[in-house]
Amino acid sequence: MRLSVIGCGYLGAVHATAMASIGHDVVGFDVDAEKISRLSSGDAPFFEPGFDALLRDTLATGRLRFSTDTSDLASARVHFIAVGTPQSEDGDGADMRFVDAAVRSLLPVLSEGDLVVGKSTVPVGTAQRLAEMVAPTGALLMWNPEFLREGFAVEDTLQPDRIVYGTSHSGGPEVAVLDEVYAKALDAGIPRLVTDYATSELVKVAANAFLATKISFINAMSEIADATGADVTQLADAIGYDVRIGRRFLNAGVGFGGGCLPKDIRAFAARGEELGHGRALRFLREVDEINLRQRSRLVDVVTEELGGSVAGRRIAILGLAFKPNSDDTRDSPALDIATRLHGLGADVIAYDPEAIETARRVRPHLHFAQTLDEALSGAEATVVVTEWDQFRQLDPDTTSQLVAETRIIDGRNCLDAQRWRAAGWSYRGLGRR
Ligand code: UGA
């Protein structure tokens, strides 16, 4: 089937490539000429495991191309909207400019029987509004939220947990068209739910709100664990055995960041207020506050460990990405903590296996190490803020040869505390004895 994907960021570039890899004929569109030129030459503009290889292999099939020219979209029958919905500059709501512009740019090429499929995360009510914009062309609109995680984007796109179709009337001809697009996943038994527009929009924000709440719940427990001498990791293990609770997303630490969870819970709370039901989502404000407090708590722990002031002290920051296996530093707790410690006068040196260039673009004043050893050398405190395998696998004995002082602060509770203590280190986590 001939498809177009508007917006070639993490979501769109992976979606376009994955759809072409399973046999569709796809054109990916973006207004950013540099991004399009890199994608066209098989050079991924971001780090995503498995994506580089899939991109190169799929370009070689001739079924995938990228363009900045809207006239190239005309031959497609199904158009996916995969542009960003960042937080507005003047509030907590979502900035809908890119989605609106994407749909407007499609209007001249749409005709009877075409399908516009929204994948972006949007405030509930958006699909109905866009359907009205599209209606005069004779095309139909569906909402098909995306649940991919960075770091697992290819896998999540090709084998999602579920597929949701939001439509204005259940069982219309558009369902059969989208079924054809996703035939491979549907044949493999992946559940597919057909809902109304509002439900499909809410599925996405509700899922992210639930995940954010789960993380903030365990982070609140970590604060209480610190106050009482309990261990939050053992607590999470113990409650996680209850299948109704589950252990995943119960890792306490410096909290959630990235281009999705933080802005999505803010936009959802803001939408609740617009709908006159702010009370129902007020808890999300608390979820956000707990999350941001974790960053301050970590800075306080580092300060305390260094005897009350970080000024002039050499601090190795291990991690800049908002999570491992990504080079994304949007709303990253790691980058925020590095920036705050630097602001307090610390001699910060930061290292990340993939995110140094993205971090440097937004925080050029920070000092970045070329290698992990360079970051560790002479450190008076070592602070782990992104749980890359490379940091989890650090050997306390070898590491102690590099640092000036054997003091480790584990902002992701990802190290074996006993092992580090046994090797003579002072170890601090968040909510861990
Ligand atoms: C999230 C959702 O998990 C995806 O399902 C969704 O499609 C995506 O947002 C989106 O809206 O596009 P992502 O932002 O890639 O995906 O990252 P997550 O794996 O959800 O992690 C988010 C943050 O939570 C990271 O900073 C991570 O370090 C943190 N986290 C995660 C914790 O602090 N503790 C945990 O136990 C788990």
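This is a predicted model: local features need pLDDT of at least 70, side-chain atom pairs count only at pLDDT 80 or more; totals for chains, interfaces and linings use all residues.

User: OK, how many residues surround the ligand, and which are the closest?

Analyst: There are 21 residues around the ligand, and the closest are Phe147, Leu148, Glu150, Asn208 and Phe322. A residue is near a molecule if one of its heavy atoms lies within 4 Å of it.

User: And what classes are in that shell?

Analyst: The shell around the ligand divides into ten nonpolar, four polar and seven charged residues. Here Ala, Val, Leu, Ile, Met, Phe, Trp, Tyr, Cys and Pro count as nonpolar, Asp, Glu, Lys and Arg as charged, and the others, Gly among them, as polar.

User: Which helices supply at least two residues of the shell?

Analyst: Those are helix H9 (197–228) and helix H11 (261–274), and the largest share, four residues, comes from H9. Helices (H or I, at least four residues) and strands (E, at least two) are DSSP runs, numbered from the N terminus.

User: Where does the ligand lie relative to the domains?

Analyst: It lies between domain 1 (2–195) and domain 2 (210–429), because both give residues to the shell around the ligand. The domain bounds come from an automatic or database domain assignment.

User: Which backbone atoms come up to the ligand's oxygens?

Analyst: A polar backbone atom of phenylalanine 147 is 2.9 Å from an oxygen atom of the ligand, and a backbone N or O atom of asparagine 251 also lies 2.9 Å from a ligand oxygen. For leucine 250, a backbone N or O atom lies 3.4 Å from an oxygen atom of the ligand. The protein covers 90% of the 720 Å² of accessible area that the ligand has on its own, with areas from the Shrake-Rupley method and a 1.4 Å probe.

User: Switching topic, how many cavities are there of 30 Å³ or more?

Analyst: The structure holds two cavities of 30 Å³ or more. On a 1 Å grid over the protein atoms alone, a cavity is a set of points where a 1.4 Å probe fits but cannot get out, a pocket is an open set with protein on both sides within 12 Å along at least five of seven lines, and lining residues have an atom within 4 Å of a point. A volume is the space filled by probe spheres set on the points, which are joined across faces, edges and corners.

User: What about the largest cavity?

Analyst: The largest cavity holds about 100 Å³ of space, and H11 gives the most to its lining, with five residues. Among the lining residues are Thr85, Val205, Lys263, Asp264 and Arg271. Both domain 1 (2–195) and domain 2 (210–429) give residues to this lining, so the largest cavity lies between them.

User: And the second largest cavity?

Analyst: About 40 Å³ of space lies in the second largest cavity, where strand E1 (2–6) and strand E2 (25–29) are the elements that give two or more residues to the lining. E2 gives the most, with three residues.

User: What lines the second largest pocket?

Analyst: That pocket, with a volume of about 170 Å³, is lined by residues including Asp231, Gln234, Arg421 and Arg433. By class, its lining has one nonpolar, three polar and five charged residues, and H18 (417–422) supplies the largest share, three residues.

Methods. Residues are numbered from 1 along each chain as its sequence is written. Side-chain values use heavy atoms; hydrogens and water are left out. A polar contact is a pair of N or O atoms within 3.5 Å; within protein, one must be able to donate a hydrogen and the other to accept it, and residues adjacent in sequence count only if both atoms are side-chain atoms.
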